[in-house]
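Please keep the structure in view while reading.

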Amino acid sequence: MVRLGVNIDHVATVRQARRAPEPDPVHAAVLAELGGADGITVHLRSDRRHIQDRDVEILRQVVKTRLNVEMASTQEMVKIALTVKPDQVTLVPERREELTTEGGLDVVLNSVQLKPSVKMLEEGGIHVSLFVDPDLEQVKEAHRIDARAIEINTAAYADARETRSRDAALRKVVDAARLGVKLGLAVHAGHGLTYQNVSPLARLPEMTELNIGHNIVARALLVGMERAVREMVDVLRR
């Protein structure tokens, strides 16, 4: 079965809204693992709008599955990653004014800047994944700069409201995933995935990991984190 990575950023979003001690994303991570999560994902943003450095440090000590830290490819972030040593770093684009990550990395345009970051992280024993749009040239460039994995941006698929556009977006994901596997990359996916739309992606034989955050946290507000994750695991199993 495809691995489930649970993104707990928005637990920290609620906490930071009041600069209060709770809800604690570390507690959420423990409950997510109890619910069957195969990994925990957090995005350490440069503006620290939700996850804080201390969260990442404690999560590294507490998470028993896999810790995946999303971050921009900057000297500051690479230094933090090499100190904390998460199991995986997913390099993502980042703009201060965006509500959430709005698109994939342009690996083709930024390969000269990205390649040293990938090299340093891999030499530090950290697997590197690149968050990319389902574009074949981006997948090829991710391979060329020696990334270990790609995470395919599923926003176009998740946001599609008509069957035709949804099917077209899914075909792009499938094509990117197949190329990734052909090139020897591990293939992950995420962004906008829900209990309702995740099944077609979970069925793809090329897919090894799905990272889902907002929809699980939204469900957890009503039923609790452990149950919300367990329900997603059940969907992936079906």
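How many strands make up the closed barrel, and is their pairing parallel or antiparallel? In this predicted model, eight strands close into a barrel in the order S1-S2-S3-S4-S5-S6-S7-S8, and the pairing is parallel. From one strand to the next the twist averages 25°.

**Strand pairing**

- Strand S5, residues 127-132, and strand S6, residues 149-153, run parallel and are joined by four bridges.
- Leu130 stands opposite Ile150 of S6.

**Helices on the sheet**

- Helix H3 (residues 53-62) packs on the sheet, where it touches strand S2 (39-43) and strand S3 (67-71).
- The direction of H3 makes about 160° with that of S3.
- Helix H11 (residues 225-237) also packs on the sheet, touching strand S1 (3-7) and strand S8 (207-212).
- The direction of H11 makes about 150° with that of S1.

**Helix against helix**

- Helix H4 (residues 75-84) and helix H5 (residues 107-123) have axes that come within 10 Å and cross at roughly 10°.
- Angles under 35 degrees count as roughly parallel, and H4 and H5 are therefore roughly parallel to each other.
- H4 contributes Val78, Ala81 and Leu82 to the contact, and H5 contributes Ser117, Met120 and Leu121.

**Second largest pocket**

- The volume of the second largest pocket is about 160 Å³.
- Its lining consists of His10, Val11, Val14, Pro23, Asp24, Ala28, Leu31, Val217, Ala220, Leu221, Gly224 and Met225.
- Helix H1 (9-18), helix H2 (25-34) and helix H10 (214-223) are the elements that give two or more residues to this lining.
- By class, the lining of the second largest pocket holds nine nonpolar residues, two polar residues and one charged residue.

**Cavity**

- The structure has one cavity of 30 Å³ or more.
- The largest cavity has a volume of about 60 Å³.
- The residues that line the largest cavity are Arg3, Leu4, Gly5, Asp38, Gly39, Ile40, Thr41, Arg66, Asn68, Glu209 and Asn211.
- At least two lining residues come from each of S1, S2 and S8, three strands of the barrel.
- Two nonpolar, five polar and four charged residues form the lining of the largest cavity.

Terms used
Residues are numbered from 1 along each chain as its sequence is written. This is a predicted model: local features need pLDDT of at least 70, side-chain atom pairs count only at pLDDT 80 or more; totals for chains, interfaces and linings use all residues. Side-chain values use heavy atoms; hydrogens and water are left out. Two strands pair if DSSP finds at least two bridges between them. Axes are lines fitted to C-alpha atoms, for helices over the stretch in contact, and angles run from 0 to 180 degrees between N-to-C directions. Contact means heavy atoms within 4.5 Å. On a 1 Å grid over the protein atoms alone, a cavity is a set of points where a 1.4 Å probe fits but cannot get out, and a pocket is an open set with protein on both sides within 12 Å along at least five of seven lines; lining residues have an atom within 4 Å of a point. Grid points are joined across faces, edges and corners, and a volume is the space filled by probe spheres set on the points. Ala, Val, Leu, Ile, Met, Phe, Trp, Tyr, Cys and Pro count as nonpolar, Asp, Glu, Lys and Arg as charged, and the others, Gly among them, as polar. Angles under 35 degrees count as roughly parallel, over 145 as roughly antiparallel, 65 to 115 as roughly perpendicular and the rest as oblique.
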